[in-house]
Amino acid sequence: MAPARSVPAHRSPPLKWLALAILAASMCVLFALPRAGQAQALSIHVIQRADAQALVPVIRPLLPEGGYVNAYQGKLIIRTSTANFDEILAALGDMPEAPRTVAVHLRRRAGGESAGGGIRVGPGGVSAGAGSVTRQRQDDYRINTLSGHAAAIGQGTLVALTGTQYPALMSLRQGIEVRPMLTGDGRVRLDIAQRFERPAGGGTAEIQGAASTLMMVPGQWQPLGAITVTEDSSAAGLGGADRHSERLSLPLEVKVELQGD
């Protein structure tokens, strides 16, 4: 019987191990890709800044590929990744928001009309007469201030008022006090107070004022308020009759403008 022949152990060629190593590395890359893609997912972020338009060229170079930034009515609209958005917020934290200059206009138009007539009975007979007087006056005020800061403009007169044992000195002022605040939607929240005081003759004074808070659209006149007074009087006697009517109209209008637009 022929002796049994020994069979040498089978050895895998080096190429097989190399192929297995490449396959394993490829699978690791495939598993890692979704996570990397998820980290770079882009979404929309909104930041309210009054100086949004000026920040657009500052933010644009910081964005990743596929990101964008735009400004609309005091807001920054940014499409970027979450990580990049955090970096942008950190950068904006070192750039405080620059307050805008706001111009506030107030227009005060006073108009009045008085009319009267009467009949007189005298030695020469009966006479009749009538007449009317129209008065118009307009006062315009303007003042500039920074958004969020108070400002005032006006003038005054010191007069002595009678009617008491000792005349009293009174300061009569005409002007406005304002505090504008620019909001995120491009409008202006305006706190405003207005005074118009003047001597009326005979030791008396005429005093008129108004105060309110309004939401303003820049560039548009908006009513602040109005005063309308109508007065009628009549008298009759043996010597004749008289009739008198008077009407006063006082509309107040205000407008704001953003400087630098």
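Reader: Let's start with helix H2. Which of its residues are buried?

Author: Buried means under 20% relative accessible area, exposed over 50%, and partly exposed in between (1.4 Å probe, protein chains only). Helices are DSSP runs of H or I with at least four residues, strands are E runs of at least two, and both are numbered from the N terminus. In H2 (residues 52-59), the buried ones are Ala52, Leu55, Val56 and Ile59. They sit on the same side of H2, because they cover an arc of only 125° around the axis; the arc is that of the directions from the helix axis to the C-beta atoms. Bear in mind that this is a predicted model: local features need pLDDT of at least 70, side-chain atom pairs count only at pLDDT 80 or more, and totals for chains, interfaces and linings use all residues. Residues are numbered from 1 along each chain as its sequence is written, and side-chain values use heavy atoms, with hydrogens and water left out.

Reader: What does the face turned away from the buried side of H2 carry?

Author: That face has the exposed residues Gln53, Ala54 and Pro57.

Reader: And what do the buried residues of H2 pack against?

Author: Contact means heavy atoms within 4.5 Å. By that test, the H2 residues pack against strand S2 (68-72), strand S3 (75-80) and helix H3 (82-93).

Reader: In what order do the strands of the open sheet run?

Author: Two strands pair if DSSP finds at least two bridges between them. Here 3 strands form an open sheet, ordered S1-S3-S2, with antiparallel pairing. Strand S1 (43-48) and S2 are the edge strands, each pairing on one side only. S2 and S3 are joined over 5 bridges, and Asn70 has Ile77 in S3 as its bridge partner.

Reader: Which residues have the most contacts inside the largest nonpolar core?

Author: The general idea is that in soluble globular proteins, nonpolar side chains tend to be buried together. A nonpolar core is a set of buried Ala, Val, Leu, Ile, Met, Phe, Trp, Tyr and Cys residues joined through side-chain atoms within 4.5 Å. The largest one has 20 residues, and those with the most contacts inside it are Val104, Val178, Leu190, Ile192, Met216, Val254 and Val256. A second, separate core has 13 residues, among them Ala52, Ile59, Phe85 and Ile88.

Reader: How many helices and strands does the protein have?

Author: There are 3 helices and 11 strands. Buried residues account for 26% of its 261 residues.
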